[in-house]
Every structure is written in C-alpha cells, then in structure tokens.
Amino acid sequence: LQIDPENKPKKRCYEFLRQTSRSFAAVIQEVHEDLRDGICIFYLILRGMDTIEDDMTIPIEKKEPLLRNFHNLIFKKGWTYTESGPNEKDRQLLLEFDVVIDEFLCLKKEFRDIIADTTKKMGNGMADYAKDTVRNKYGIMTIKDFDTYCYYVAGLVGIGLTGLFATSGLEDPEFDNNIELANSMGLFLQKVNITRDYLVDDQDGRKFWPKEIWSKYTNDLSELKKPENATNALNCLSDIILNALQHVPDCLTYMSRLKEQTVFNFCAIPQVMAIATLSICFRNHDVFKKVVKLRRGESVKLILRSKNIYEVADIFRYYNRVIINKNDPRDPNYLKISMACGQIEQWC
Ligand SMILES: COc1cccc([C@H]2O[C@H](CC(=O)N[C@@H](CC(=O)O)C(=O)O)C(=O)N(CC(C)(C)C)c3ccc(Cl)cc32)c1OC
C-alpha cells in the first residue's frame, strides 16, 4: 500500500487553484475543512471544462463530445487532456487533470454525485451553445437566451455549491430548496463579468450582450466602442446593468440565510466585488476602452468588511447610491434604473 505522507496530489490541486485565481483561491482555502476540498475540486473541474469551451483551436467535432462527456471523464483515473491550444491560460491544469480526478474520487459520494450532476448539465449546455452557429455568428439574441446561457455557465455553479453546502451539514439541509436564489447568485456574477468584459470579448469576436438589448442603441454591438457612438454606448451600458441589478435582491436574500461564517465569506466576497465593479462601470465610458478593474485597496477593504449580512447590505447600499448619483435623466433607462435601485435600497 503506497501511502503518500504529505498527500502531494491534494497539494498540487491547491497550487492549481492559486495559479488560476489568486484572490479567490485564498477565499476557498479559508473555507471550513468539511467543504474546502469539495469546493476546490469542484472549482478545478469547472475550470477545466471552461478552458475546453474557451479554446477556439479545438474543432467543434471534438469539443462537443468532450463537453458532453466531461461528467464521465472526471471518473476516469489517469485521464488528461493534452491537445489544448498553446495560449490556453489553464493548459497545465488539463495536462495534469489526472491529479484532479484522483482527488475527486476521494470525495464523499454525496459530493461526487452533486459535482458529476452539475458537470453533466453544464457540459451539455456548453456543447449546445458551442455548436449553435447562429449564436456564434450573431451572438446571444434574446434576454431569455441570455438568462439561459448564464444559467448553464454560472447559475448551475451556484446551485451545485448550494447542494454541497446543504450536504456538508454546515448549512441547513433545506438550504437546498433555494434553487432560484442560488441561480441568481451565479447570474449576477456572470452578468457583471459580461458587462465588464465588453472590450475583451469584442476583440475575441464573442458577443455576449443580448441583441434584444443592444439593438435599441446600434446595428452592431462592436460599433458601440466608437467615440461617435458614446451616448448610445452609455445608454446601452445602463440597460445591461439594469438587467444585472434585478438579481441583487435574490443574492442578498440568499446570503442572509447562510449560517456558517466561512461559507458566508466564500459567497459574499465575489458578490461585493461584483456590485462594486458594476457601479464603477455604470455610465463609465472606460468600459468601451479597457477592462475596468477595482483598485487593489478597494478590493482588500471589501474583503475585510464582508463578514456578516449587515456589513454586506451596507456595502450594497453604498454602491447602489453611487449608481443613483450617476444616473442621468437623459438616459432612456433613467426611471427603470431608479426603480431597481429603489428596490435594492429597500432591501438593505
Ligand atoms: C453560491 O454561488 C457561489 C458562491 C461563491 C462563489 C461563487 C463563484 O465565485 C467566483 C468568483 C471568482 O472566481 N472571481 C474571480 C474574479 C473574476 O472572475 O473576474 C477571481 O477572483 O479571480 C466566480 O466568479 N465563479 C465563476 C462563475 C460566476 C461563472 C460561477 C465561480 C466559479 C466556481 C466556483 Cl466553485 C464558484 C464561483 C459562486 O458561484 C455562483
């Protein structure tokens, strides 16, 4: 029997975690030990699938079965993926994916079932979108489409994590019934990322902003970045931010129901970063010139403050006010924005 005293595979998984996302890795490492490994492995499996979905060098004939089959591949000891493109950010993770699989197989069965079920649904959703040429050519069409896409890539993560929290015993077993709220946790984060990443996605030729929104302001999403379209660009930006803001009450309700401190921090930190990012993006033309990022000092302050629902509600109220103060009566979305912010103000 070969015992690995320091259990190197597990260490290696946390090294991958640190490589993929420094700030978030630190938050995961603080999570209660009954959930830490489950969340770390879940995160790496999702990262692996996301890397395959993002890799434009993989032909759809190979990508589709890979994604649809990923929930089985995570049970295949020794499996790795060696054909990902040269510039793929997480190439190393896929090259050593057997390490992730070994750790996944050590998780308790309830965790394996939840992770495998989430991976299966997400893999099929990603495959459906990857092969849909209409969407690839014209991007996401309707707001309903937008919510469906975000459900597959982010809502399912919130729902899967909620299952892990409930199964671990650290949160209410009934916590599992907050499917809608868990979905909102994912949709809010994903929509903020899609809003912030306008330029990066435009440069990669990807259109995530739904046509039902941008077609009110331009004939082509890419045109919004031109200086002569600045007014339409800012009003379109308000429209998609309005869409994201509608998930905030659900996210606050979800967080108000969490009991365990490290689970709360793990959930709250990305949410406060998201509302801060969204408020900085609001009516900020830099969104069409670069990737708008929070200053380091502000992020650190937010991380230190997100300790309980009162502090988190305070933070949401503050950034909500930033949006209200920047709201412009000449913006066609002016009234809807003030209504959405009014709702958030009320919740807080
Ligand atoms: C209850 O639900 C959650 C509770 C806590 C955290 C997350 C969510 O937060 C990170 C936070 C994160 O990864 N932040 C990045 C910042 C960035 O992406 O710009 C980072 O800090 O590097 C995030 O963004 N995503 C990616 C998706 C949104 C697609 C799910 C994510 C991916 C895998 C996992 Cl296991 C978790 C999350 C939750 O998921 C909804």
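**View 1. Lysine 108 lies over the face of phenylalanine 111 in this predicted model.** Here the lysine sits at 4.8 Å from the ring centre. A charge counts as sitting over a ring when NZ of Lys or CZ of Arg is within 6 Å of the ring centre and within 35 degrees of the ring normal. Arginine 12 gives another example: its charged end is placed over the ring of phenylalanine 16, 4.3 Å from the centre. A word on how to read these views: the model is predicted, local features need pLDDT of at least 70, side-chain atom pairs count only at pLDDT 80 or more, and totals for chains, interfaces and linings use all residues. Residues are numbered from 1 along each chain as its sequence is written, and side-chain values use heavy atoms, with hydrogens and water left out.

**View 2. Tryptophan 79 and phenylalanine 97 form an aromatic pair.** Rings of Phe, Tyr and Trp (its six-membered ring) pair if their centres lie within 6.5 Å; planes under 30 degrees apart are called stacked, over 60 edge-to-face, and the rest tilted. The count by this rule is 17 aromatic pairs. In the pair shown, the ring centres are 5.9 Å apart and the planes stand at 85°, so the arrangement is edge-to-face. Tryptophan 79 belongs to the loop between helix 4 (60-73) and helix 5 (91-95), while phenylalanine 97 is in helix 6 (residues 97-106), so the pair ties together parts that are 18 residues apart in sequence. Helices (H or I, at least four residues) are DSSP runs, numbered from the N terminus. Both partners can be checked for burial, where buried means under 20% relative accessible area, exposed means over 50%, and partly exposed is in between (1.4 Å probe, protein chains only). Tryptophan 79 is buried at 13%, and phenylalanine 97 is buried at 0%.

**View 3. Five aromatic residues are linked into a cluster.** Look for Tyr129, Tyr149, Tyr151, Tyr152 and Phe208, which are joined by ring pairs.

**View 4. Lysine 77 is an exposed residue in the loop between helix 4 and helix 5.** Its relative accessible area is 61%. Setting aside residues up to four places away in sequence, lysine 77 touches Ile101, Asp102 and Leu105; contact means heavy atoms within 4.5 Å.

**View 5. Helix 9 (residues 143-168) packs against helix 10 (residues 179-196).** Two packed helices are described by the angle between their axes and the distance between the axes. For helix 9 and helix 10 the angle is about 125° and the axes are 7 Å apart, which makes helix 9 oblique to helix 10. Axes are lines fitted to C-alpha atoms, for helices over the stretch in contact, and angles run from 0 to 180 degrees between N-to-C directions. Angles under 35 degrees count as roughly parallel, over 145 as roughly antiparallel, 65 to 115 as roughly perpendicular, and the rest as oblique. Helix 9 passes helix 10 in a right-handed crossing; a crossing is right-handed if the near helix is turned clockwise from the far one by less than a right angle, and left-handed if anticlockwise. Among the contacting residues are Phe146, Asp147 and Cys150 of helix 9 and Lys191 of helix 10.

**View 6. Lysine 191 is a buried residue in helix 10.** Its relative accessible area is 1%. Beyond residues up to four places away in sequence, lysine 191 touches Phe146, Asp147, Cys150, Asn243, Ala244 and His247. The C-alpha atoms of lysine 191 and leucine 245 are separated by 9.2 Å, although the two residues are 54 apart along the chain.

**View 7. Helix 14 (residues 248-256) meets helix 18 (residues 334-347).** Their axes come within 9 Å and cross at roughly 15°, so helix 14 is roughly parallel to helix 18. This crossing is right-handed. On the helix 14 side the contact involves Val248, Pro249, Leu252, Thr253 and Ser256; on the helix 18 side, Gln343, Ile344 and Trp347.

**View 8. Helix 15 (residues 261-281) packs with helix 16 (residues 296-305).** The angle is about 140° and the axes are 9 Å apart, so these helices are oblique to each other. Residues that meet include Ile269 and Val272 of helix 15 and Leu302 and Ile303 of helix 16.

Key. Helix = DSSP H or I, 4+ residues; strand = E, 2+ residues; numbered from the N terminus.
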